[in-house]
Amino acid sequence: MKNIYNLTIEELEEYFLSIGEKKFKAIQLYSWLYEKRVKSFDEITDIKKTVIEKLKEDFSIEILKPIKVERDKLVNKYLFELYDGSLVESVLMRHDYGTSICVSSQVGCNMGCKFCESGRLKKVRDLNSYEMVLQILAVEKDINERITHVVIMGIGEPFDNYLNVTNFIKIINHPKGLSIGSRHITVSTSGIVPKILEFADFPYQVNLAISLHAPNDTLRSEIMPINRAYKIKDVMDALKIYYKKTNRRITFEYIMLDGVNDKEEHALELCKLLKGMNCYVNLIPYNETNNIQYKRSKNDNILKFYDIIKKNNIGVTIRREFGSNISAACGQLRSKREELWRHFI
Ligand code: SF4
């Protein structure tokens, strides 16, 4: 049975038309689901009983509950168990400008980035749109406040689950859905070129971030196997087309790995690569894990790297470090839990 939170407003309108009802019922139902947050169809008072019965026959309205939460001052990390026993994570971060959530889009990930805990756990399946929507609803319920920003950058490669991710964006962006402004939504990809091109025509003003992490193919292919399929030049060419169509600034994510990609020469190479682009670089101090050999760059090297980019007139920030003491790197909570389970079985 389909979960009701999987439906975009257009799909819900079609559904109501298909059962002989007016399509405005879709808006009514959205408002019960996302504004009033009902827990069952029976709580809905302005849709007639026969229609409610039909909804109950056709859809489930189950929500997600976290099975584990780790809390820190600025960050909460949630572990969810899905209907088939799969585990995914979401991370809530508090900023001066609001709260953001990092949502997972797949169970595991096939991209195999060497520095990533999720990359060690191969993809089991794509998440449905509702499983992404419900991560947000569950976290909002837990903190009893609205989330203002959404980043699709948790476990999984969002462009490897394109349809569900774009439907998810439609649902959370709708004014009667979660009403999260499109400029507050960011999709982060490791660089799947055909999907970057497709996304250029996606008619929502959402942000695009590229997990670059290295300024040349040799190094990037070493730490991100996806680079063997789509070279940096292919990604940059696709981004030029994307920018031409959308006029939206692109963010480049760059994880700082000690002695790997954090040298002066890398910063200079990065500046050369990004010269003339309307873009912005987000330097991310690496969140070390026990299972992966990479280490976080030293503060001095991060600052030197930052200065070089800034001097080259490219927008740059160093991401504030969140939750290094609570397994906040993507995949850490899930893999910790799986290790525990393996231990107990
Ligand atoms: S960094 Fe992202 S794309 Fe790479 S393996 Fe991890 S989850 Fe997948």
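## Helix 10 and its packing

The buried residues of helix 10 pack against helix 7 (217-223), helix 9 (232-246), strand 12 (250-256), strand 13 (279-285) and helix 11 (299-311). Packing here rests on contact, which means heavy atoms within 4.5 Å. Helices (H or I, at least four residues) and strands (E, at least two) are DSSP runs, numbered from the N terminus. Everything here comes from a predicted model, in which local features need pLDDT of at least 70, side-chain atom pairs count only at pLDDT 80 or more, and totals for chains, interfaces and linings use all residues. Residues are numbered from 1 along each chain as its sequence is written, and side-chain values use heavy atoms, with hydrogens and water left out.

Which residues of helix 10 (residues 264-274) are buried? They are His266, Ala267, Leu270, Cys271 and Leu274. These residues lie on the same side of helix 10, because they cover an arc of only 140° around the axis. The arc is that of the directions from the helix axis to the C-beta atoms. On the other side of helix 10 you will find Glu264, Glu265 and Lys272, which are exposed. Buried means under 20% relative accessible area, exposed over 50%, and partly exposed in between (1.4 Å probe, protein chains only). After helix 10 comes Gly276, with a positive phi near 85°.

## Around the ligand

Now look at the ligand. The residues around it are Cys109, Met111, Gly112, Cys113, Cys116, Ser118, Gly119, Gly154 and Gly156. A residue is near a molecule or strand if one of its heavy atoms lies within 4 Å of it. How many residues of each class make up the shell around the ligand? There are four nonpolar, five polar and no charged residues. In this scheme, Ala, Val, Leu, Ile, Met, Phe, Trp, Tyr, Cys and Pro count as nonpolar, Asp, Glu, Lys and Arg as charged, and the others, Gly among them, as polar.

Glu117 lies in the loop between strand 7 (106-107) and strand 8 (125-126). With a relative accessible area of 3%, Glu117 is buried. Glu117 and Lys36 are 81 residues apart in sequence and 37 Å apart in space, C-alpha to C-alpha.

## Rings and charges

A pair of aromatic rings is described by the distance of the centres and the angle of the planes. Rings of Phe, Tyr and Trp (its six-membered ring) pair if their centres lie within 6.5 Å; planes under 30 degrees apart count as stacked, over 60 as edge-to-face and the rest as tilted. The structure holds twelve aromatic pairs. One of them joins Tyr15 and Phe59, and this pair is edge-to-face because the centres are 4.9 Å apart and the planes are at 75°. Tyr15 belongs to helix 1 (residues 9-18) and Phe59 to strand 2 (residues 59-60), so the pair ties together parts that are 44 residues apart in sequence. Both Tyr15 and Phe59 are buried.

By contrast, the pair of Phe202 and Tyr204 is stacked, because its ring centres are 4.8 Å apart and its planes are at 20°. Both of these residues, Phe202 and Tyr204, are buried. Ring pairs also link Phe159, Tyr162, Phe199, Phe202, Tyr204 and Tyr242 into a cluster. Elsewhere, the charged end of Lys36 sits over the ring of Trp32, 4.3 Å from its centre. A charge sits over a ring if NZ of Lys or CZ of Arg is within 6 Å of the ring centre and within 35 degrees of the ring normal.

## Two asparagines in loops

Most residues other than glycine have a negative phi, and most peptide bonds are trans. Asn144 is not a glycine, yet it has a positive phi of about 55°. You can find Asn144 in the loop between helix 4 (129-143) and strand 9 (149-152), and at 69% relative accessibility it counts as exposed.

Asn247 also has a positive phi, of about 60°, although it is not a glycine. Its place is in the loop between helix 9 and strand 12. Is Asn247 buried or exposed? At 55% relative accessibility, Asn247 counts as exposed.

Leu29 lies in helix 2 (residues 25-35) and counts as buried, at 0% relative accessibility. Leaving aside neighbours within four places in sequence, Leu29 is in contact with Ile4, Leu12, Phe16, Ile44, Ile47 and Leu55.

Thr189 is found in strand 10 (residues 185-189) and is buried, with a relative accessible area of 1%. Not counting residues up to four places away in sequence, Thr189 touches Glu157, Phe159, Ile196, Leu208, Ala209, Ile210 and Ser211.
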